[in-house]
Every structure is written in structure tokens, then in C-alpha cells.
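Here is a short report on one protein model. Take a look at the fold before reading on.

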Amino acid sequence: MQKLDTVRWGFIGCGEVTEKKSGPAFRLIEGSEVVAVMSRTLEKVRSYAERHDIKKYYTDASELINDPNVNAVYIATPPSTHVTYTIMALKAGKPVYVEKPLCSNYEDCNRINRVSQQMGIPCFAAYYRRELPYFQKVRELVQAGTVGEVINVQIRFSVPPRDLDYNSHDLPWRVIPDIAGGGYFYDLAPHQIDLLQCIFGPIIEAKGYCSNRGGLYKSEDTVSACFRFANGLPGSGSWCFVGHESAKEDCIEIIGNKGSLHFSVFTYEPISLFTEHGHQNFVIENPKHVQLPLIRQVVEHLQQKAICTCDSVSATSVNWVMDRVLGKF
């Protein structure tokens with residue numbers, strides 16, 4: 001595609017994630033600005049545009065996509081809408097940066113990839129943890145051989161229900177499979193799976209066992225899975241979204257023949273290294289706006305100053321793993 005000297009973003013969606021994690025980052029990068037925003041609710045989008053000094057706002061996604069001043073689109077809506085908005089933008093010749101997961105199912109990811117390839121227009125996915133200093137340190141420690149040869153990987157995640165989960169008449173969209181693709185597993189596990197694939201390569205086998213133990217909503221609230229990477233490394237994971245407070249955990253453990261490494265994905269607890277030499281903690285600070293490092297890569301890619309590999313193709317493999325674990329195919 002043609003080089004973009006200045007990337008002029010249009011936002012589709014202006015929810016919570018855009019307020020701090022991503023939205024401000026688009027303005028902090030040289031050659032990047034936000035020129036339009038869209039939400040189906042007029043009052044919401046007008047308020048967002050005024051608070052963030054965005055000149056144009058729309059309630060129709062097609063109008064934003066076809067705005068001649070918009071030359072790139074950021075999609076921050078629930079996953080079920082990603083495929084439609086992304087393909088609309090790609091067919092309009094505009095590159096896309098879309099929130100994770102890429103889609104609510106693996107097949108829709110493939111549809112995006114086909115259109116992206118046909119149009120020659122890139123699509124990027126917001127797996128921003130890849131580029132955060134905290135996880136860069138994890139990768140550095142693994143690649144430096146601090147735990148020796150890695151022989152097993154384990155994901156352990158447990159949280160109590162949220163207050164919103166008890167309101168059966170107005171449940172959060174993240175537990176409605178038709179919108180989210182699954183329950184909280186489909187919202188949170190993508191980051192964990194993507195990080196592990198960035199460190200160890202693609203997962204080529206995956207299966208899981210899902211259950212609803214809390215009865216608060218219809219989607220799965222407890223998941224156990226096992227998987228294998230292309231290099232032969234086995235791994236496993238357990239996720240519980242209705243556990244007791246005493247069982248609360250956010251941990252990935254990398255087990256090697258010379259030690260082990262423990263880190264969190266969502267709470268950024270100190271990275272812990274255990275070897276024959278003892279225990280060492282690493283406290284790594286992340287930027288205020290956590291998507292900033294990845295968004296900078298995306299902008300520089302569009303400016304032809306760098307290459308961003310966090311694209312829709314790499315994101316599709318995450319959906320493949322999740323759909324296998326949930327038994328979708």
C-alpha cells in the first residue's frame with residue numbers, strides 16, 4: 001500500500017479501552033492524529049469527541065470509513081462486529097488496527113485475512129502486551145537460558161465473579177457468546193496465548209474441557225486445556241471466573257531443567273526467577289498508556305519506517321487455539 005506520512009485515525013467505538021489504554025497513545029506518536037470518532041449513541045460520541053478534542057463524530061460506521069480525511073481505522077467495538085467493520089475499512093483501502101480478539105471466531109479471522117491480502121491493505125491486532133517492557137523482559141530471560149531448556153508451560157488464572165455477573169437481566173457483553181465469542185475466557189485468554197506463541201512459536205494442537213459451574217450466565221466460566229507447540233513443548237492452562245477470593249491467581253509458569261520463571265499477565269506482579277542460585281525478582285515499569293509501544297510500531301509501519309508483525313495473520317492463530325479449546329470445531 002501507499003506510504004502514509006501522517007496517519008489520520010478514525011475510531012469506531014469509544015468505550016472504556018479507548019479512554020486510557022489506547023486512545024491517548026494515537027496522539028502522542030509523531031505523524032499520528034485522531035480526526036474522527038464513531039459510536040451508535042449520539043450523546044456518547046459527542047461527549048467523547050468534545051472531551052478529546054476530535055473535530056468530527058459519527059453514528060454511522062460507513063460515514064466514518066468513507067470520510068476522505070480518515071486514512072486509517074481503529075476498531076474498538078465488541079468482537080462480533082470486528083469482521084464487518086474491518087472488511088468495510090479494508091475494501092475502502094484503509095489499514096485497520098482492531099482490538100483483540102481479532103474476531104469472535106476463527107472463520108471470521110480467515111475472512112479478514114483474505115480481504116487484507118486481496119486488497120494489499122494491512123490489518124493489525126491489538127495484542128499490545130507483546131511490546132510492553134514487562135513481557136520483553138520475560139522473553140529476554142527465556143531466550144538467555146536462565147531456566148535452561150524449557151520443558152513445560154502452565155497458565156493458572158482464577159478470579160471471583162464481578163458484581164455485574166449477578167445481574168441476569170443486564171449481563172456484560174463479555175459473557176454473551178454471540179457477541180464475545182465465548183465467556184471471559186475469550187476475552188482474557190487471548191493475551192496469554194498470544195504471549196506464549198510469541199516466545200515459543202505456534203501452538204499446533206489444543207483441546208479443552210469447559211463447564212459452567214457458577215450458573216450466573218450461560219457461557220463457560222471454567223476451562224481446562226492442554227496444548228502443544230510446534231517445537232514439541234507441552235503446555236496446559238486452567239481458567240476459573242467464579243472462584244473464591246482465596247483462589248485468586250494470575251500466573252504463567254515456565255518450567256525449565258535449570259529453574260523456573262513466574263509472571264502475571266494482567267496484574268504485572270514482579271517477574272520471579274528461581275534457579276540453583278536462589279530467587280530473584282524483576283520489577284519492570286510499563287508506560288502509562290499501555291498500547292503506546294505497539295501503536296507506535298503500527299504507525300511507523302504505515303509510514304514505512306518499520307515493520308509491525310502483530311498483524312491479523314498472527315492474531316488468527318490465537319482464535320484457532322481458543323476455538324479448539326472451546327470445542328467449536
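Over how many bridges do strand 5 and strand 6 pair, and in which sense? This is a predicted model. In it, strand 5 (residues 96–98) pairs with strand 6 over three bridges, in the parallel sense. V96 stands opposite C123 in strand 6.

Six strands make up an open sheet, and their order is 3-2-1-4-5-6. The pairing is parallel. Strand 3 (56–58) and strand 6 (123–125) are the edge strands, since each pairs on one side only. On average, neighbouring strands of this sheet are turned by 25 degrees against each other, direction ignored.

Now to the helices. The axes of helix 7 and helix 9 come within 10 Å and cross at roughly 35 degrees. The crossing is right-handed. The table lists who makes the contact.

| Helix | Residues | Contact residues |
|---|---|---|
| Helix 7 | 133–143 | F135, V138, R139, V142 |
| Helix 9 | 184–200 | L195, C198, I199, F200 |

Of the residues in this contact, seven are nonpolar, none is polar and one is charged.

Last comes a single residue. S260 lies in strand 12 (residues 259–263). Is S260 buried or exposed? S260 counts as buried because its relative accessibility is 11%, and the cut-off for buried is under 20%. The side chain of S260 makes a polar contact with the side chain of H262, at 3.3 Å. Leaving aside neighbours within four places in sequence, S260 is in contact with V147, E253, I254, I255, S272, L273 and F274.

Technical notes
Residues are numbered from 1 along each chain as its sequence is written. This is a predicted model: local features need pLDDT of at least 70, side-chain atom pairs count only at pLDDT 80 or more; totals for chains, interfaces and linings use all residues. Side-chain values use heavy atoms; hydrogens and water are left out. Axes are lines fitted to C-alpha atoms, for helices over the stretch in contact, and angles run from 0 to 180 degrees between N-to-C directions. Helices (H or I, at least four residues) and strands (E, at least two) are DSSP runs, numbered from the N terminus. A crossing is left-handed if the near helix is turned anticlockwise from the far one by less than a right angle, and right-handed if clockwise. Contact means heavy atoms within 4.5 Å. Ala, Val, Leu, Ile, Met, Phe, Trp, Tyr, Cys and Pro count as nonpolar, Asp, Glu, Lys and Arg as charged, and the others, Gly among them, as polar. Two strands pair if DSSP finds at least two bridges between them. Buried means under 20% relative accessible area, exposed over 50%, partly exposed in between (1.4 Å probe, protein chains only). A polar contact is a pair of N or O atoms within 3.5 Å; within protein, one must be able to donate a hydrogen and the other to accept it, and residues adjacent in sequence count only if both atoms are side-chain atoms.
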